[in-house]
Amino acid sequence: MSVRIDATDKKILAALQADAAQSLDDIAKAVGSSKTPVWNRIRKLREAGVIGQHTVLLDAEALGFEACFFVLIRTSEHDADWQGRFLKALKSRPEVQEAHRLAGDIDYILKVRVRNARAYDTFYQALISEVKVHNVTALLSMEEIKSTVALPL
């Protein structure tokens with residue numbers, strides 16, 4: 001379903017990205033409208049798939065997940081069977097926050113959040129026991145400078 005996004009829709013989306021828990025009254029006030037038209041627009045955006053699942057962002061460090069690794073994976077296998085097993089392995093691991101298939105020398109990059117280096121090694125050993133990879137490079141993030149899920153509307 002295709003939907004046309006106008007300036008008011010963008011304001012609504014920006015308000016929701018800033019704080020999806022805010023009241024409909026607050027969103028309507030922020031965009032200069034009343035509740036019913038704003039609700040109808042939100043419903044239309046949900047139905048069109050522009051607005052996805054609602055969730056809460058947790059503070060990883062506050063919960064003891066102090067290590068963030070970016071894992072670069074090269075593989076010599078590119079057949080559908082290998083890819084299926086690899087994707088299944090990634091999806092079954094909650095430590096993997098993001099996974100991207102890349103163009104270029106590196107085939108995949110993962111963002112892996114764990115408590116410490118030992119927990120990363122446990123993750124790594126489990127992954128390579130399930131799927132064959134040619135080369136794995138793990139890069140430890142020393143400091144998160146910027147992280148957002150907000151789109152630049």
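Me: Is L127 buried or exposed, and why?
Reply: L127 counts as buried because its relative accessibility is 3%. Buried means under 20% relative accessible area, exposed means over 50%, and partly exposed is in between, with a 1.4 Å probe and protein chains only. Bear in mind that this is a predicted model, where local features need pLDDT of at least 70, side-chain atom pairs count only at pLDDT 80 or more, and totals for chains, interfaces and linings use all residues. Residues are numbered from 1 along each chain as its sequence is written, and side-chain values use heavy atoms, with hydrogens and water left out.

Me: Thanks! Where is L127 found?
Reply: L127 is in helix 5, which covers residues 117-130. Helices (H or I, at least four residues) and strands (E, at least two) are DSSP runs, numbered from the N terminus.

Me: And which residues does L127 touch?
Reply: Not counting residues up to four places away in sequence, L127 touches I73, A89, L90, R93 and L110. Contact here means heavy atoms within 4.5 Å. L127 and L90 are 37 residues apart along the chain, and their C-alpha atoms are separated by 8.0 Å.

Me: How many residues are in the largest nonpolar core?
Reply: That core has 18 residues, and those with the most contacts inside it are I73, L110, V112 and L127. Strand 1, helix 4 (80-91), strand 3 and helix 5 are the elements that each give two or more residues to this core. A nonpolar core is a set of buried Ala, Val, Leu, Ile, Met, Phe, Trp, Tyr and Cys residues joined through side-chain atoms within 4.5 Å. In soluble globular proteins, nonpolar side chains tend to be buried together.

Me: What does L110 touch?
Reply: Leaving out residues up to four places away in sequence, L110 touches F69, F70, V71, I73, L90, E98, A99, F123 and L127. Apart from this core lies another one, of 11 residues, among them L16, V31, V38 and I51.

Me: New topic: what volume does the largest pocket have?
Reply: Its volume is about 860 Å³. Of the 26 residues that line this pocket, the closest to its centre are Q97, K111, R113, E144 and S147. On a 1 Å grid over the protein atoms alone, a pocket is an open set of points where a 1.4 Å probe fits, with protein on both sides within 12 Å along at least five of seven lines, and lining residues have an atom within 4 Å of a point. Grid points are joined across faces, edges and corners, and the volume is the space filled by probe spheres set on the points.

Me: Is K111 buried or exposed, and where does it lie?
Reply: K111 counts as buried, because its relative accessibility is 14%. K111 lies in strand 3. Beyond residues up to four places away in sequence, its contacts include F69, Q97, E144 and S147.

Me: How about the second largest pocket, which residues are closest to its centre?
Reply: About 630 Å³ of space lies in that pocket. Of its 19 lining residues, L16, Q17, A20, Q53 and V149 are the closest to the centre.

Me: Last one: how is the chain divided into domains?
Reply: There is domain 1 (7-48) and domain 2 (61-141), with bounds from an automatic or database domain assignment. Their C-alpha centres lie 37 Å apart.
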